[in-house]
Structures are given as structure tokens and as C-alpha cells.
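I opened my notebook for a first walk through this structure. Here is what I looked up, in the order I looked it up.

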Amino acid sequence: MLAFTVNDTKSFMNLLLKGDTFDHFHFRQGEVHTFASFIMEGRRDPDFYSTEELEQGLSRYVLWAEMRPFVFQSIKGSKLPKSIKLVFSLPEEKLEHLPNTSAAFLNILFKNNTILCTTALSQTSFSLDKSSEKRWEEYVLKFFRKNNIGIQTE
């Protein structure tokens, strides 16, 4: 597990909520705490879609691109939210580079005007081999560097 804080909260939140930087991640779940608490589940509801839409092969989880406007709407206003927790995952088709991995997570927590990010990996079977975890951490660090997001590792 890798843990780090983001140096520039305002710039990061603009990338996260107004830009497309994180749009390729699957949205697993989230919580927004403002005047009320909003709990969001990212699992796609197949009953919502037509047969034609389902035949197009929709992913099990929605993309952040689909969820972002709803999250942004829930925090828009003059006051900062008390906290925001978002759980993203790498799309399943990109897990081929991470052997023995069923899911690769990026967790984002905004609280007290600080953003803490952590990574996690779910293995398909128990193993002491940490090479996939290391690759995922390197991917996340490279992603943040590529997008000019300054971080401080814990």
C-alpha cells in the first residue's frame, strides 16, 4: 500500500471534478458529506438499461466520467464539504499487466482541506509476491507525475 498527500488541494480538485484526468477509472463508491451525507455506489444497475445497451458490453462499474457531474453537483456551493471519499479502480481490461490481481484501487479522501490518497490491490489468490502491488504503485505515481500533480509520500 502506498499513501501520499496532494500538495495543491485546489488544483487537484479542479482536475478531479472539472477535468477529464481521472475519467478512465471505474468509480466503485463514494461519500460526500456536506449539509447531508451522500453515499454513492458505482455498480452499474443492468435493469436501468435497454437490451440494446446491454449488448454493447457495458462495464460492471460506471466510469468516473459518468459519475463526476453528480459528485460535482453535490458539493457545488460557497462552503467546502466536510469530507469526500472516493474509491476508484483500474478497468478490468487493464489488469493484465498485474498478475494475480482481481482489482487495483486508488482511494481519495478529502478532509480538513487535505487530500490523502492510498493504493490497494485485491489478489485473485493468496501470494507473498508483491510485484503486482509494486507495479500498481509505480503506475499511480507515474500517473500523478504525468498530470503534474505534486504529492508528498507518507
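**Entry 1: the sheet.** I began with the strands and found an open sheet of seven, in the order β3-β2-β4-β5-β6-β1-β7, with antiparallel pairing. I take two strands as paired if DSSP finds at least two bridges between them. Strands (E, at least two residues) and helices (H or I, at least four) are DSSP runs, numbered from the N terminus. At the edges I found β3 (37-41) and β7 (151-153), each with a single partner strand, so one side of each has no neighbour in the sheet. From one strand to the next, the twist averages 15 degrees.

A note on the source: this is a predicted model, in which local features need pLDDT of at least 70 and side-chain atom pairs count only at pLDDT 80 or more, while totals for chains, interfaces and linings use all residues. Residues are numbered from 1 along each chain as its sequence is written, and side-chain values use heavy atoms, with hydrogens and water left out.

**Entry 2: helices on the sheet.** For directions, axes are lines fitted to C-alpha atoms, for helices over the stretch in contact, and angles run from 0 to 180 degrees between N-to-C directions. Helix α3 (residues 64-75) packs on the sheet and touches β2, β3 and β4 (83-89), its direction making about 5 degrees with that of β2. Helix α4 also packs on the sheet. I saw α4 touch β1, β5 (101-111), β6 and β7, at about 150 degrees to the direction of β6.

**Entry 3: strand β1.** I followed β1 (residues 3-6) to β6 (residues 114-123), where the two pair in the antiparallel sense over three bridges. Here A3 stands opposite T118, and T5 has L116 as its bridge partner. Three bridges also join β1 to β7, again antiparallel, with V6 opposite I151. I remind myself that side chains in a regular strand alternate between the two faces of the sheet. Are the faces of β1 covered or open? Both are covered, as A3 and T5 on one side and F4 and V6 on the other are all buried. Buried means under 20% relative accessible area, exposed over 50% and partly exposed in between (1.4 Å probe, protein chains only).

Entry 4: L2 sits in the segment before β1 and counts as buried at 12% relative accessibility. Leaving out residues up to four places away in sequence, L2 touches C117, T118, T119, E137 and L141. I also checked L2 against A104, 102 residues apart along the chain, and their C-alpha atoms are separated by 12 Å.

**Entry 5: strand β4.** Six of the seven residues of β4 are buried, so this strand is largely enclosed by the rest of the structure. I counted seven antiparallel bridges between β2 and β4, and seven between β4 and β5, also antiparallel. L86 in β4 stands opposite G30, and its bridge partner in β5 is I108.

**Entry 6: aromatic rings.** How many aromatic pairs does the structure hold? I noted 15. Rings of Phe, Tyr and Trp (its six-membered ring) pair if their centres lie within 6.5 Å; planes under 30 degrees apart count as stacked, over 60 as edge-to-face and the rest as tilted. F12 and F144 are stacked, at 6.1 Å centre to centre with 15 degrees between the planes. F12 lies in helix α1 (residues 9-17) and F144 in helix α4 (residues 131-146), so this pair ties together parts 132 residues apart in sequence. F12 is buried at a relative accessible area of 1%, and F144 is buried at 0%.

F22 and F143 are edge-to-face: 5.2 Å centre to centre, 70 degrees between the planes. F22 is in the loop between α1 and β2 (26-33) and F143 in helix α4, so the pair ties together parts 121 residues apart in sequence. Ring pairs link F4, F12, F22, F25, F27, W64, F88, F143 and F144 into a cluster.

**Entry 7: the core.** A nonpolar core is a set of buried Ala, Val, Leu, Ile, Met, Phe, Trp, Tyr and Cys residues joined through side-chain atoms within 4.5 Å. Which residues touch the most other members of the largest one? Of its 34 residues, F22 and F144 do.

Key:
Contact means heavy atoms within 4.5 Å.
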